[in-house]
Amino acid sequence: MPAVYDGPMGTSDVYVTGTDTGIGKTVASSALLHALRLRGLRAVGMKPLASGCEHTAAGWRNEDALALQAASDPRPEYADLNPYALPLPLAPELAAREAGVTVEMDKIRAAFARLRAQADAVVVEGVGGWAAPLSASINQADVVHALDLPVVLVVGLRLGCLNHAYLTARAIAADGCRLAGWIGNTVDPGMACRDDNLGLLATRLGAPCWGIFPHAAPVDPAALAPLLTIHG
């Protein structure tokens, strides 16, 4: 299976990706921020690009990015946390095109550096699933390499998750990125043989499980933080 990042992390920075859209990347990222803060670290979130934003008096704002900002301490400037806030709820590449915006790696790298200067750890949340590009020329792997981050995979626990998780882990490895671990998020509370699926994931993903989240509504990332064990 995939190559595993089994060396010590120089920092607690991570890049959070998922097996699909809507499987809990923001919940996991926010919980990771709370978990890092429980360790006594200054931890801030980042959403380099977000599509589906609402116009406010302060400018375009995205619900997921705001959740990361709320889970951060210190509280970062929104423009640094989410340098590309795109109005339409489309695939990032299409949302940027419709907004007439060119996504540039230098802008993402500069925003990350400003966040890193004020924190001990930065949790960077990606877009959609791993293969969803940010633009015609920038893939998520490019961001991971540019920021030198290990990857944490959020697996949406539902029928089909084994295939999605294995394929994503293989793609992460094929892109030359380091899989640091995975988090299971119970998307379907009625999932059959959930524990059996978790056993297979633990055996075959080749990276440690950082935690399993139960199905909950509403979701409280702070309450999920104690369920996490951050490896590395």
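This is a predicted model: local features need pLDDT of at least 70, side-chain atom pairs count only at pLDDT 80 or more; totals for chains, interfaces and linings use all residues.
**Stop 1: Pro48**

Select Pro48 first. The residue sits in the loop that joins strand E2 (43-46) to strand E3 (49-51). Is Pro48 buried or exposed? Its relative accessibility is 4%, which is under 20%, so Pro48 counts as buried. To see what surrounds Pro48, show Leu81, Asn82, Pro83, Tyr84, Ile108, Val124 and Glu125; these are its contacts once neighbours within four places in sequence are set aside.

**Stop 2: helices H5 and H6**

Which residues meet here? From H5 come Met105, Ile108, Arg109 and Phe112, and from H6 come Asp142, Val143, Ala146 and Leu147. Sorted by class, this contact has six nonpolar residues, two charged residues and no polar ones.

**Stop 3: Asp148**

Move on to Asp148, in the loop between H6 and strand E8 (151-157). Its phi is near 55°, a positive value in a residue other than glycine. Asp148 has 55% relative accessibility, over the 50% cut-off, and therefore counts as exposed.

**Stop 4: Asp73 and Pro74**

Now select Asp73 and Pro74 and look at the bond that links them. The peptide bond from Asp73 to Pro74 is cis, with omega near 10°. Pro74 lies in the loop between helix H2 (63-71) and helix H3 (78-81), and Asp73 is placed in the loop between H2 and H3 as well. With a relative accessibility of 41%, Asp73 counts as partly exposed. What does Asp73 touch, not counting residues up to four places away in sequence? The residues are Arg37, Arg42, Ala43 and Val44. Asp73 and Ala43 are 30 residues apart in sequence, while the distance from C-alpha to C-alpha is 5.7 Å.

**Stop 5: Ala217 and Pro218**

Another cis peptide bond runs from Ala217 to Pro218, with omega near -5°. Find Pro218 in the loop between strand E10 (209-213) and helix H9 (221-224).

**Stop 6: the cysteines**

End by selecting cysteines. Begin with Cys193, in the loop between strand E9 (179-186) and helix H8 (194-204). Cys193 has a positive phi, near 55°, in a residue other than glycine.

How many disulfides does a search of the whole structure find? The search finds zero. A disulfide is a covalent bond between the sulfur atoms of two cysteines. Select Cys209 to look at one case: Cys209 is in no disulfide, and the nearest cysteine sulfur, that of Cys161, is 12 Å away. For a pair to count as a disulfide, the sulfur atoms must be within 2.5 Å. Cys209 counts as partly exposed, at 30% relative accessibility. Finish at Cys53, which is buried, with a relative accessible area of 8%.

Technical notes:
Residues are numbered from 1 along each chain as its sequence is written. Side-chain values use heavy atoms; hydrogens and water are left out. Helices (H or I, at least four residues) and strands (E, at least two) are DSSP runs, numbered from the N terminus. Buried means under 20% relative accessible area, exposed over 50%, partly exposed in between (1.4 Å probe, protein chains only). Contact means heavy atoms within 4.5 Å. Ala, Val, Leu, Ile, Met, Phe, Trp, Tyr, Cys and Pro count as nonpolar, Asp, Glu, Lys and Arg as charged, and the others, Gly among them, as polar.
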